[in-house]
Structures are given as structure tokens and as C-alpha cells.
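Welcome! Take a look at the sequence and the 3D view below, and then let us walk through them together.

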Amino acid sequence: MDVSVTVNGTTYARDVEPRKLLIHFLRDDLDLTGSHVGCDTGNCGACSILVDGTLVKSCMLLAVQADGAKIETVEGLSENGELTALQQSFNEHHALQCGYCTPGMLMSATALLRDNPSPSEDEIKKALQGNICRCTGYWNIFDAVKAVAK
Amino acid sequence: MLLREVEYAKPGSVAEALELLAANDGARALAGGQTLINVMKARAASPDMLVDLNGLAELRGIELAGDGTLTIGAMTTYTELMRSAEAKARPILGEVCATIADVQVRNRGTIGGNVCSNDPTNHLPPLMVAVGATMTVLGAGGERDVAAEDFFLGVYMTAVGPGELLTRIAIPAGKKDGFAAVTLGAEGTCICNAAATVNGSVRVALGCVDAVPVVIHADSPEGVADAVRAAAIDPPSDVHASADYRLHLAAVLATRAAKEAAAR
């Protein structure tokens with residue numbers, strides 16, 4: 001099926017099998033490998049992206065469902081090589097170790113801060129509930145988000 | 001993960017969706033997909049065709065009538081229910097939706113998908129029964145209203161037949177509701193849940209203890225635990241909980257939900 005999506009400002013048109021998950025379309029067809037496949041069961045959140053501004057797990061959507069959508073992935077956060085304040089804060093707070101969950105964490109935290117620029121610690125924790133990290137114990141991630149909250 | 005080959009259709013109207021479902025034996029409605037896509041990965045379900053209901057505005061939206069009745073489109077997401085000013089007319093709805101999975105799942109998952117999948121561990125089937133919801137089912141033969149108590153027929157089975165769709169859910173006005181659940185992790189798989197409504201007497205719907213929600217009546221929250229024990233429930237044992245433990249939880253959670261409802 002013909003699918004046209006705009007990812008981080010660039011429009012891509014491709015012929016896609018209906019059974020292909022959106023995460024595999026991004027990684028394998030568009031070579032946008034920033035979003036990760038962690039669990040493939042909808043639990044870990046490493047594949048989290050924004051579709052028309054809404055945070056979703058891209059392993060639980062078909063690529064064909066994204067036809068016409070505006071998609072944002074971790075590759076689109078920084079501009080001209082400049083990290084966003086949130087990305088810089090992850091760096092400064094050592095909010096990652098292996099980095100596997102980081103793309104999803106960044107997209108979930110980005111969605112939170114757009115919706116609620118001054119989240120409480122409890123709101124940060126709830127917003128990141130769908131993202132699993134097995135290295136950091138989460139505290140540095142919460143600190144990194146808190147530091148850029150207004 | 002690679003799914004089995006599947007056809008995909010995106011109908012432009014509910015009428016077209018019904019035609020597609022009726023004309024294709026192996027067709028299945030795709031709502032939020034937060035259950036269906038995953039069971040397709042595991043090949044526990046292998047539909048030949050997915051009829052995507054996303055994009056059908058007729059199935060979305062929340063309306064509040066003058067008498068306080070809420071009418072909720074089947075494709076309304078949990079997040080929409082949590083944020084809706086109208087849905088505050090029955091606060092328990094948004095409160096329970098806020099305990100389902102996580103932000104990402106709540107952004108896609110729908111009230112209609114939750115009740116139509118009728119997984120016995122879902123939160124919304126017992127809640128719909130407790131609040132006395134009415135489900136509207138549409139098919140080639142026309143539209144019919146089904147009381148929530150009669151809607152859930154068995155594990156993964158509802159009154160929505162082949163070639164039919166749940167289009168909307170009507171929920172009467174009310175505030176004296178409560179909900180309690182024990183889950184694996186804060187928002188994980190449910191071991192037992194209970195939804196209660198107080199309207200003179202107490203009415204509790206228990207989830208995870210049978211194929212369909214079990215309704216318990218009592219005069220007061222204090223009498224709920226005995227009513228649960230007297231109801232001859234025979235819950236399943238599984239890797240998460242024994243039958244005895246589930247039965248114990250049923251009495252505890254039913255009482256908790258009833259007390260919360262009575263205190264409002």
C-alpha cells in the first residue's frame with residue numbers, strides 16, 4: 001500500500017506491506033534507527049514517538065495507519081547539531097547508561113513538557129511509566145526532566 | 001516482529017466498515033490496537049483483514065445530555081475520557097482510565113476496544129456493569145441497545161456479533177462510585193478488580209474472578225464481603241494468583257470499592 005508520512009519535517013512516500021509495524025518502517029525502510037525495539041510487546045517504550053503530536057509506542061501501530069501523519073522521532077529533537085535543553089539535561093544528569101531506552105524516554109519527556117511545562121515529580125514519574133530503563137534506577141532521569149521543568 | 005500477512009482497509013464511514021466486516025469472514029475491527037496488534041504478533045489472533053476504525057468521527061466524542069446521561073463514542077480514547085469536561089459528570093470513568101497501562105497506551109486505547117476485547121483482566125467491563133451502562137450495537141439488521149450486564153458473554157466474547165460494531169456507550173448520571181484493583185506492578189496485569197456503585201443499596205461488579213463480571217448486591221458496604229463469600233464464585237488459579245487468594249482479594253476489593261463509593 002502507498003504510504004506517505006512526514007518524519008521530522010521530511011516527507012517520505014513508500015510502498016508498505018500492511019503487516020509492517022510502524023517501528024520497522026521507520027528503522028528498516030526509512031533508516032531512522034534512533035527509535036529502538038526493546039521488547040516488541042508494547043511494554044518497554046523504547047519505540048515511543050509522536051504521531052500528529054500524540055505520544056505512542058510505534059510497535060503497536062501499523063505503518064499504514066500512519067499514512068498522512070506528521071511523525072516526530074528522537075532524530076528530530078536537536079536542531080543544527082544543538083541538543084535540546086532536555087537532551088543536554090540528560091547528559092548533565094547522567095540520565096542514561098547503556099542508552100537503549102533513551103530515545104523513548106526523551107520522546108515521552110518531550111511530550112510531557114509540551115503538555116505541562118511545570119510537572120511535579122509525581123507527574124514526571126507517571127508520564128514516564130510506559131518507559132522502562134534497566135540501568136539507571138530512574139532517579140537521574142527524573143532529575144534530568146525536573147531540571148528543565150519551569 | 002513480523003505479523004502474518006493481513007489486508008488493511010480504512011473505511012470512510014461506519015456503514016462502509018459494517019459492509020467490510022460482513023463481507024469478509026476473516027475481517028476484524030481494529031480500534032486502538034493496543035491489544036489486537038500485540039495478540040497478532042503472538043499469532044494468538046490472525047485476522048485476514050483489519051478494518052481500521054480510526055478516523056471515523058461518527059464513533060468518537062463524548063456528549064452530556066440534560067439529564068446527566070453521558071454518551072461516549074466507542075472509539076473515544078482513555079486519554080480523551082480523562083481530559084473531557086463532560087466525562088466529569090461520572091468521575092469514576094476518568095479515574096479508572098487513568099490507571100490503565102501508561103500514557104502511550106492511553107493515547108491510543110479506546111473504551112470500545114477495551115469492552116469488546118472483554119479480556120477478564122480489563123478494568124472497564126466490571127466498571128460498565130457497575131455503573132449500569134448501555135451499549136449500542138449496530139449491524140446490517142439495525143441498531144440495538146444491550147445492557148452492560150448482558151453485553152459480556154464469555155472470555156473475549158461479547159454481544160457484538162460477526163459483522164457488527166459497538167458504536168457508543170450510554171452511562172447514566174451518578175457520582176457515588178468506587179473502584180479497587182490489585183495488579184502486577186502499578187498498572188500491570190490485573191489479578192482482581194471491583195467496581196461499586198451506591199444507589200440506596202450497594203452494587204458491585206467483580207472482574208478477573210469469572211469469564212464475565214460477577215454482580216454482587218448488598219445493603220451496605222459492611223455487608224459486601226459476606227455477599228461476595230456467599231456468591232459461590234469459583235475463580236481461576238493461574239501463575240499470578242491461586243483461586244483462594246483471588247477469592248480473598250474479591251471480598252477485600254469489593255469492600256474497598258463499596259466504601260469509596262459510599263463516602264462520595
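## About the model

This is a predicted model, where local features need pLDDT of at least 70 and side-chain atom pairs count only at pLDDT 80 or more, while totals for chains, interfaces and linings use all residues. Residues are numbered from 1 along each chain as its sequence is written, and chains are lettered from A and ligands numbered from 1 in the order in which they are written.

## Chain A as a whole

Chain A has 5 helices and 5 strands; helices here are DSSP runs of H or I with at least four residues, and strands are runs of E with at least two, numbered from the N terminus. Following the sequence, the pattern reads β-β-α-β-β-β-α-α-α-α.

The C-alpha atoms of chain A fill a box of roughly 45 × 30 × 25 Å along the principal axes. A compact globule of 150 residues would have a radius of gyration near 15 Å, and chain A agrees because its own value is 15 Å. That radius is taken over C-alpha atoms, and the globule rule is 2.2 Å times the number of residues to the power 0.38.

Of the 150 residues in chain A, 44% are buried. A residue is buried if 20 or more other C-beta atoms lie within 10 Å of its own, exposed if 12 or fewer, and partly exposed in between, with C-beta atoms placed from the backbone.

On the α2(A) side, A:A85, A:L86, A:S89 and A:F90 meet A:A144, A:A147 and A:V148 of α5(A). This contact has 6 nonpolar, 1 polar and no charged residues. Here Ala, Val, Leu, Ile, Met, Phe, Trp, Tyr, Cys and Pro count as nonpolar, Asp, Glu, Lys and Arg as charged, and the others, Gly among them, as polar.

In α1(A), the buried residues are A:L22, A:I23, A:H24, A:F25 and A:L26. Just after this helix, A:D31 takes a positive phi of about 60°.

A:G34 sits in the loop between α1 (22-29) and β3 (48-51) of chain A. This glycine counts as partly exposed because it has 18 C-beta neighbours inside 10 Å. Beyond its neighbours within four places in sequence, A:G34 is in contact with A:T73, A:V74, A:E75 and A:P103, where contact means C-beta atoms, placed from the backbone, within 7 Å. A:G34 and A:V74 are 40 residues apart in sequence, yet 6.1 Å apart in space, C-alpha to C-alpha.

## Where the chains meet

How many residues of chain A are in contact with chain B? There are 21, and they touch 23 residues of chain B. Strand β4 (residues 54-57) of chain A gives the most to this side of chain A, with 4 residues.

How values were computed:
Two residues are in contact if their C-beta atoms, placed from the backbone, lie within 7 Å.
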